Amino acid sequence: MESKPMKKTDLTTDILLPLIKQETRRFRASLGHMLTTGAATIIVLSLFVYIFGDFIRDKLPGVDPALARDTLYLFAVFIIAISAAVTARAAKSILYAKHGWIAMLRTFGLRVDRLRRQSVSAGIVLLATENIIVCCLLHSYMGGFKTSHAVIALLTIPSAVFYWRVRGPRTPAVAHTSHHSCQDTTKDPLFSWRESRVITGSWQGSSLRVLAALPILSGTVSLAGHAPIELALVSSLAGGIILSWTVPFLVAEDLKATWIERQAAVGHDQWIGAWQKIFWGWAKAIFTTTVVLYLVSFAVIYSVPSGASSPKTPDILTLALSKALLGGLLAAFPIWMAPAFIMQIDGRRVLTNIVLLTLIGLFAGTALIAVPYLAPMLYLLHREAHRYQRGRFARGSYN
């Protein structure tokens with residue numbers, strides 16, 4: 001019998017067309033979730049820009065026009081840089097993803113150098129379009145847009161290309177050595193496994209822990225130098241908010257590998273409870289450390305004699321203890337409260353959750369600074385937020 005000749009593989013019909021159909025079906029299946037998440041993200045980002053823009057553009061000039069002008073300039077630079085970084089990261093995930101289209105086409109033995117160059121060109125066009133939109137919005141709603149802002153926006157394009165080249169398809173060689181997992185088998189597996197991952201420090205956003213310590217230390221040191229107590233409290237709140245940014249990174253990474261828990265019938269309360277226990281430990285540590293730093297600063301202040309009459313000893317102790325507790329609470333509550341809000345929109349959206357946690361931290365923190373007796377309301381907010389997002393573990397997973 002004569003063997004039938006093998007049919008030649010057609011790139012468009014046999015490879016690209018099935019992939020396009022698959023992506024189209026996936027897009028249609030998740031369209032509702034994408035629209036909801038996109039609308040919520042736009043609302044949160046718009047609220048963030050509106051609040052800070054209104055404060056810098058309208059409120060701050062009445063206090064200090066020069067400070068308002070400099071702050072507006074830096075705020076516009078921050079928005080341009082963050083927007084470009086998010087766009088560049090999204091383009092990188094498309095260009096160099098392990099299971100992306102380019103990697104998939106390579107498995108078929110196809111040359112993808114030309115396709116990669118075209119994709120990089122498309123990424124540059126996307127980044128340029130994003131920069132134009134952001135610059136136009138900043139100029140329309142905030143004013144004060146300068147030529148240097150446009151230069152910074154242009155510099156983000158070669159920076160993104162350099163980032164794509166450096167963090168592209170090259171994967172470092174992994175040594176085939178077995179390391180101890182640091183997992184405590186005597187504890188709850190859901191908790192101990194995630195705790196061991198956090199201890200290793202090999203996760204995105206781990207450097208934020210060091211960054212969060214800087215404003216807390218600077219605030220308490222400035223307090224020892226007779227700076228206003230309000231500056232130290234705001235610095236503690238800023239450090240706590242920065243520390244809460246680690247939660248979106250950890251949860252988004254964890255949601256990529258939750259199929260084991262889902263197959264084992266692990267519920268939302270068990271999963272989020274493990275993370276809540278970890279961050280509760282962080283909150284206790286940062287609270288204790290901050291309180292000690294405040295007390296040391298107050299001890300330095302009142303141990304150095306000054307020309308002015310000092311308050312009586314009971315008044316000193318009451319003031320020092322109350323401000324130290326308030327400073328510790330401001331530094332600790334954002335990381336403690338973060339798990340209750342991380343799944344409100346979408347646990348996989350790191351930037352959206354960072355902005356959301358920042359807004360919540362600012363609202364709750366400034367309320368505490370103004371009226372410290374509102375501290376018990378944090379527990380009610382935390383409990384109700386957990387109750388509202390109950391059951392979103394399965395829907396928020398990648399698989």
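These notebook entries record what I looked up in a predicted model.

**Entry 1. The chain as a whole**

I began with the secondary structure of the protein chain and found 16 helices and zero strands. I then looked up burial: of the 399 residues, 37% count as buried. For contacts between residues at least 6 apart in sequence, I noted that 81% join residues at least 24 apart.

**Entry 2. Helices H8 and H12**

I turned next to one helix pair, H8 (residues 208–224) and H12 (residues 268–303). Two packed helices are described by the angle between their axes and the distance between the axes. For this pair, I recorded that the axes come within 8 Å and cross at roughly 20 degrees. I noted the crossing of the two helices as right-handed.

I then listed the residues that make the contact. From H8 they are Arg 209, Ile 216, Leu 217, Thr 220, Leu 223 and Ala 224. From H12 they are Trp 282, Ile 286, Thr 290, Leu 293, Tyr 294, Ser 297, Phe 298, Val 300 and Ile 301. By class, I sorted the residues of this contact into eleven nonpolar, three polar and one charged.

**Entry 3. Ile 301**

I followed one residue of that contact further. Ile 301 lies in helix H12. Its relative accessible area is 13%, under the 20% cut-off, so I count Ile 301 as buried. Which residues does Ile 301 contact, leaving aside its neighbours within four places in sequence? I found Leu 223, Ala 224 and His 226. Leu 223 and Ala 224 are among the H8 residues already listed for the contact with H12. For His 226, I looked up the separation from Ile 301: 75 residues in sequence, and 6.9 Å in space from C-alpha to C-alpha.

**Entry 4. Cysteines**

A disulfide is a covalent bond between the sulfur atoms of two cysteines. How many disulfides does the structure hold? I found zero. For Cys 135, the closest cysteine sulfur is in Cys 136, at 7.0 Å, which is too far for a bond, because a disulfide requires the sulfur atoms to be within 2.5 Å.

Technical notes: Residues are numbered from 1 along each chain as its sequence is written. This is a predicted model: local features need pLDDT of at least 70, side-chain atom pairs count only at pLDDT 80 or more; totals for chains, interfaces and linings use all residues. Side-chain values use heavy atoms; hydrogens and water are left out. Axes are lines fitted to C-alpha atoms, for helices over the stretch in contact, and angles run from 0 to 180 degrees between N-to-C directions. Helices (H or I, at least four residues) and strands (E, at least two) are DSSP runs, numbered from the N terminus. A crossing is left-handed if the near helix is turned anticlockwise from the far one by less than a right angle, and right-handed if clockwise. Contact means heavy atoms within 4.5 Å. Ala, Val, Leu, Ile, Met, Phe, Trp, Tyr, Cys and Pro count as nonpolar, Asp, Glu, Lys and Arg as charged, and the others, Gly among them, as polar. Buried means under 20% relative accessible area, exposed over 50%, partly exposed in between (1.4 Å probe, protein chains only).
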